[in-house]
Amino acid sequence: MKVGIMQPYFLPYIGYFQLIAAVDLFVVYDNIKYTKKGWINRNRLLQGDTDGIFSLPLKKDSDALDVVERALAADFNRQKLLNQFIGAYRGAPYFEPCIELLRSLVMNEEANLFRYLHASIVQTCKYLGISTRIEISSNVPADHAQKGEDRVLSICAACHADTYINTIGGLELYSRERFAREGIVLQFIRSLPVEYRQFGKAPFVPWLSMVDVMMFNPADEIRAVSYTHLRAHETKANIV
């Protein structure tokens with residue numbers, strides 16, 4: 001059982017979905033502290049020939065709360081956010097199917113931040129044809145009082161993982177020897193660079209939200225990239 005564990009993000013970059021495609025079970029944290037200056041509720045999109053920011057406004061609350069305890073702002077203008085995507089990508093080759101997906105995600109009336117994010121991750125995977133099972137961390141019978149590596153190992157044990165795959169950003173956080181003592185192989189996955197035509201503009205603006213990838217590429221080709229990435233992973237071409 002290959003397991004990946006990440007916090008939720010709103011329409012993150014393609015590497016997030018490549019990780020989901022690379023595992024058998026993807027656990028998304030709901031009971032983890034919201035990071036104020038992180039990317040949980042914001043990301044980057046194409047604006048002209050550069051990048052811009054889109055975000056989900058949140059209800060003002062304590063920074064100590066978990067993601068599942070945070071709420072979207074009461075005055076969140078969903079149509080305004082949808083219009084931001086429309087303005088940025090109208091005329092993109094896959095605008096019509098992608099904007100239908102975004103309309104479903106953005107106009108979701110859910111007020112809880114985690115449930116809103118979770119729905120967007122699940123629906124995006126469905127759009128892409130990624131069939132990995134997605135589980136919510138609080139539903140996993142692990143020791144959630146643990147922190148860092150200890151908590152990951154507890155979740156892995158509860159999920160009967162034999163392999164834990166993390167993004168390359170976690171390289172300094174975990175010990176292969178510690179995981180090996182628990183009978184788990186620890187691997188780190190690099191996201192393969194993906195470049196495509198963006199309205200014919202140059203240079204290419206990389207590492208934008210998955211929205212950008214979906215606007216310029218058909219879902220089956222994106223899925224093929226993800227699974228090509230998985231095959232590369234299996235041959236350790238992009239594993240540290």
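Biologist: In which sense do strand 1 and strand 6 pair, parallel or antiparallel?

Modeller: Bear in mind that this is a predicted model. Strand 1 and strand 6 pair in the parallel sense, over two bridges. Within that pairing, Val3 has Tyr164 of strand 6 as its bridge partner.

Biologist: And how many bridges link strand 1 and strand 2?

Modeller: Four bridges, again in the parallel sense. Ile5 stands opposite Val27 of strand 2 there.

Biologist: Why is strand 1 largely enclosed by the rest of the structure?

Modeller: Because four of its five residues are buried.

Biologist: Let us change topic to the packing. Which residues have the most contacts inside the largest nonpolar core?

Modeller: They are Phe85, Tyr89, Leu102 and Met215, in a core of 61 residues. Among the elements that each supply at least two residues of this core are helix 1 (14-22), helix 2 (78-89), helix 3 (95-106), helix 4 (113-128) and helix 7 (210-216).

Biologist: What is Phe85 in contact with, leaving aside its neighbours within four places in sequence?

Modeller: Phe85 is in contact with Leu11, Leu45, Phe54, Arg90, Ile99, Leu102, Val106 and Val211.

Biologist: And what does the second, separate core include?

Modeller: That core has 19 residues, including Val27, Val152, Leu153 and Leu186. Val27 is also the residue that Ile5 stands opposite in strand 2.

Biologist: How do the lining residues divide by class?

Modeller: For the largest pocket, nine are nonpolar, nine polar and four charged.

Biologist: And what lines the second largest pocket?

Modeller: That pocket holds about 240 Å³ of space. Its lining consists of Met6, Tyr9, Pro12, Tyr13, Gly15, Tyr16, Trp39, Asn43, Arg44, Thr167 and Trp207. Helix 1 and strand 3 each supply at least two of the lining residues. By class, the lining has seven nonpolar, three polar and one charged residues.

Technical notes
Residues are numbered from 1 along each chain as its sequence is written. This is a predicted model: local features need pLDDT of at least 70, side-chain atom pairs count only at pLDDT 80 or more; totals for chains, interfaces and linings use all residues. Side-chain values use heavy atoms; hydrogens and water are left out. A nonpolar core is a set of buried Ala, Val, Leu, Ile, Met, Phe, Trp, Tyr and Cys residues joined through side-chain atoms within 4.5 Å. Buried means under 20% relative accessible area, exposed over 50%, partly exposed in between (1.4 Å probe, protein chains only). Contact means heavy atoms within 4.5 Å. Ala, Val, Leu, Ile, Met, Phe, Trp, Tyr, Cys and Pro count as nonpolar, Asp, Glu, Lys and Arg as charged, and the others, Gly among them, as polar. On a 1 Å grid over the protein atoms alone, a cavity is a set of points where a 1.4 Å probe fits but cannot get out, and a pocket is an open set with protein on both sides within 12 Å along at least five of seven lines; lining residues have an atom within 4 Å of a point. Grid points are joined across faces, edges and corners, and a volume is the space filled by probe spheres set on the points. Two strands pair if DSSP finds at least two bridges between them.
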